[in-house]
Amino acid sequence: MSPLLYIPAFAIRLALFHIPAIAETLASRVEIVTPITSYKRLTEGLYLFESHVPPYDGGVFHQSPIFLALFQLLNFLPSITVPILYALTDITIAYLLTEITTKKQAIYGVKPKLEVEKGAKGIEPWVVGALYLFNPLSILSCVSKSTLIFTNASIVLAVYYALQGEKSLGMFWVAMASYLSFYPAMLVAPIILIILNWGANGSTILKKDIVLHCVLLYATWLAALLFLSYQLVGSWDFMGATYGVIIFLSDLTPNVGLFWYFFIEMFDQFRPFFLVVFQLHAFIFAAPLSIKLSEHPIFVTFMLCGIMGIFKSYPSIGDAALYLAFLPIHDELLKYMRYGFLTANLFLYASTLGPIFWHLWIYAGSGNANFFYAITLVYNIGQILLLVDVMYAMLRRSFDVEHPESLGKEVVQK
Amino acid sequence: MPINLKPKRQPLAKRLERRARIVSLLKTWIPRLSVALYFVGLGWLLLLPHDQYNKETYVSENALLPAQINVYYGFSDINVAKEYQSKIEERLNQSSLEKARFIETELRAAGFRATIQKFSSPIPHPDDVQQGVNAFGIYHAPRSDGTESLVLSAPWVSRDGRDNINGISLLLSVARMFKRHTYWSKDIIILVTDDGLAGTQAWLDVYHGEQGSHMYPVMPRAGAIQAAVNLDFPGTSEYDSLGIFFEGVNGQLPNLDLVNTVVRVARVTSQIPVTLHDVPEAALRGVAESLGSYFASLSNMLYTMRYQALGHPTGDHGLYLRYKIDAITLYGVPATSGATFGFHRIGALIESTFRSLNNLLEHFHQSFFFYFLSDQERYVSIGMYMPPVILFACSLVFDSLVLWGSSTIPVATGSSNPEQDKDARPQVPFPYSTSRRELAPAFAVLVLAHAAGVLVFFVMRPAFTVWGETWVGDGMIHAGHPPQTHHCRPHLRFRPHRFHHPDPPGRHDPRRVQQRLACPQITQPGLRRYEHRCRQSHKLQPLHCHRPHCHPPLPRPPAHRLPVRHGRPGRLARRAQPPRPAAPRRRRVRHEYRTGR
């Protein structure tokens, strides 16, 4: 099944890359690329870097130094390499998702189940890959050459290696993801949980030691990556230009997130306070989710990716593409979900009206920023409803699995 | 004794029964409700032309002050216009180039900086040259800093197919009169376009830096255009009412204040009967008298809706709107009988309107961009017509909810024993649903609807842009890029500058670098040239954009020169850079006023 799946997906992406009108338009859409993932800005940084000018001077380039090395290397190759790299990264993500699904189904196969689930076959693993590959959001994000795709690939790789029990590689890819875009640092907890629960089968090491080992590995890898970057660009300027911009939000280009409008409107004296509130809010879910759902660390990864995709400072639709890809892995939850119609509609409204309102604001001049912000709010409400719905489904199913006798009876919380 | 504050819950069976009843009630009533909503919306829309439901227009932008000036357009100007009338009549059979040269010469004689613009035209010419020629001239106004301008344009051919003789005569006489006066604080562009919409589109493209395949390398400019008025006065006779056309490409409308200004000036200063579109004012009055004012309003609104739905611009003004320039076409409805008006009143109208536009402090933004005009001085705002539209949408959403609810296919239970079924039947429904949904018909409808939409789109073929080629009406104009890319920095209105624009302040400001980065040309091969070496920091500075409106890398003597060092300055030196010099005052006002020639 797989090649049948990958070839058309690869072909679609390459075809879209080769229509310059589409590729260039996508590369400048604020819904798809952000200041910290824009390929245009990357070429700017790369040019400065190649001209022996500090790439972070000028305040345009906000991406990790490792991209400079990677794309400088690609500059020596024919220009088709970059589209192929992006398309192959997407296909790798899809392949890993199918592998993760296979593994997850093997693990959940021996767990207690509901009566209706017995005998029913779970989702075919290749369907999960197909849902990612043919999701319009992931296609658009890939063709826009947003560098977010590498963060997404790192997250998926981390989950994959953690499931394989490869502590070192798993932690390396989390470190890579958090090195690339900062927020995935909160994924350390669920990845360690995956290693603890399922990765380290048959080992006699104490759990505490595994956790300590993983955290040390993470810190080492992260330090190594940062030091490598320092060696590459010759100064620590990149810390401020990448993580500083993500945390302190110095670039207020509109995006689909919740930050930009608030911080444009806000008086300067409140800025530090609300920065703390907003950033803390994004991270605050990591601990409770990891504690409450420690039995389902892949699900925790999904939830945290969703929370990142909504509450990070520069979100784009590429973030949504990632967590939506994790959703069908837990196909047993779909039957519990109640707001499917509403969520789907909100996504559709936002994707139709978003570009229209942007046009009214920026080009036609007959609308204003409130139009676009309103529709990003609708988009985020849709995403939040989806997460709330999935969370409800998870908790309710866990309850039903633990209390099979309660099904069909009224349950009252006292 | 503990008091139980909780209300007593009804037994489960009763609650379930009630819930089932509500669901079935909703299922029966919502389809009826949605039909009712549709008709309520329709009725509401039909109420809007009634005088109770629309309001009188008002000028929202205080700076405009329409009809507050003394007009100077007088007998000598009328005589000039009449002379032009005969000169133009003689030249009607000449080629496009000769006609454009005539306009250019006349504008130059009047003191304008005039030139012609050739463009490849979709319309066949008699001499077999597929080339149209626009002529235009710029009056760099004495009190302007060259960043804002107004356009007065006229096409060679009127919208009714006749030659726009009076329109161009008026244009030239008004141009001469404008040049005599010193109160202009915006530059004035006088434009005569060839080949209908194609000429206007070609001129706008090149003015905004969309070179495309237009063969015109250099373009005199006069800053961002704030407003445009297009004159369409066919023939050589007089008119009985002034028609106003304002619908643009894809139904876009100019700011209501522009329409208000023209209408008010026409009523107060030049006392011309105004009508919407080309319906003679007398005819509208006839409808109002025989059927009631409601039907006259309804007819006006239906005309506007038709033009907007078709998406075609109703005149050359419609193309300006795509560039965020508010524009309007003034059309002379030919006289059949009764009172008429000619050059004098129209000239006064144009002069007074331009004096108002001259007062604009910034872009038109105060008044409505979405409206219906039920009468030349009454409007229906977006706040009034959106509720019925929302009702239409609600009726669809409700219906789709019911369809969603009834699209589930119940799962067949395996057993046939009713007794067993009764035992197995849960007290309350399961928290999950294993039923499937019939989605294929829904998706089929969706796909068919989209296909039909694409078909309608291509059949009507309004002016739209596909992959860098602009389609206008029935002819294709090669325009290179879609005009949306004309912004160098999308969140700011862009201002094309004059030729010798002084080096803008803050060249070293990182935000300016960012602005250039936002220019669409950066990724194009061959354009990544970074020749400019900053004299302040001895660094290569990124300057990507080679577009005419982006600032060229002009060398500027630095205000604070660091000691000359070879190679990159060290970190300390970079840190110790002196503060940036204060930006020079942006707005320069020339104090020597020219007195007429």
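The UniProt annotation "transmembrane region", taken from an unreviewed entry, covers residues 29–48 and 439–460 of chain B; such annotations may be inferred rather than shown by experiment. In this predicted model, local features need pLDDT of at least 70, side-chain atom pairs count only at pLDDT 80 or more, and totals for chains, interfaces and linings use all residues. Residues are numbered from 1 along each chain as its sequence is written, while chains are lettered from A and ligands numbered from 1 in the order in which they are written.

Residues 29–48 of chain B are 95% helix and 0% strand, and their end C-alpha atoms lie 28 Å apart.

| α4(A) | 65–75 | A:Pro65, A:Ile66, A:Leu68 and A:Ala69 |
| α11(A) | 207–233 | A:Ser229, A:Leu232 and A:Val233 |

The angle between α4(A) and α11(A) is about 60°, and their axes, lines fitted to C-alpha atoms over the stretch in contact, are 8 Å apart.

Turning to chain B, B:Ser153 belongs to strand β4 (residues 148–155), a strand being a DSSP run of E of at least two residues. B:Ser153 is buried, with 26 other C-beta atoms within 10 Å, where 20 or more are required. Beyond residues up to four places away in sequence, B:Ser153 touches B:Leu191, B:Thr193, B:Ala228, B:Asn230 and B:Asp316.

Technical notes
Helix = DSSP H or I, 4+ residues; strand = E, 2+ residues; numbered from the N terminus. Buried ≥ 20, exposed ≤ 12 C-beta atoms within 10 Å, placed from the backbone. Contact = placed C-beta atoms within 7 Å. Axes fitted to C-alpha atoms, helices over the stretch in contact; angles between N-to-C directions.
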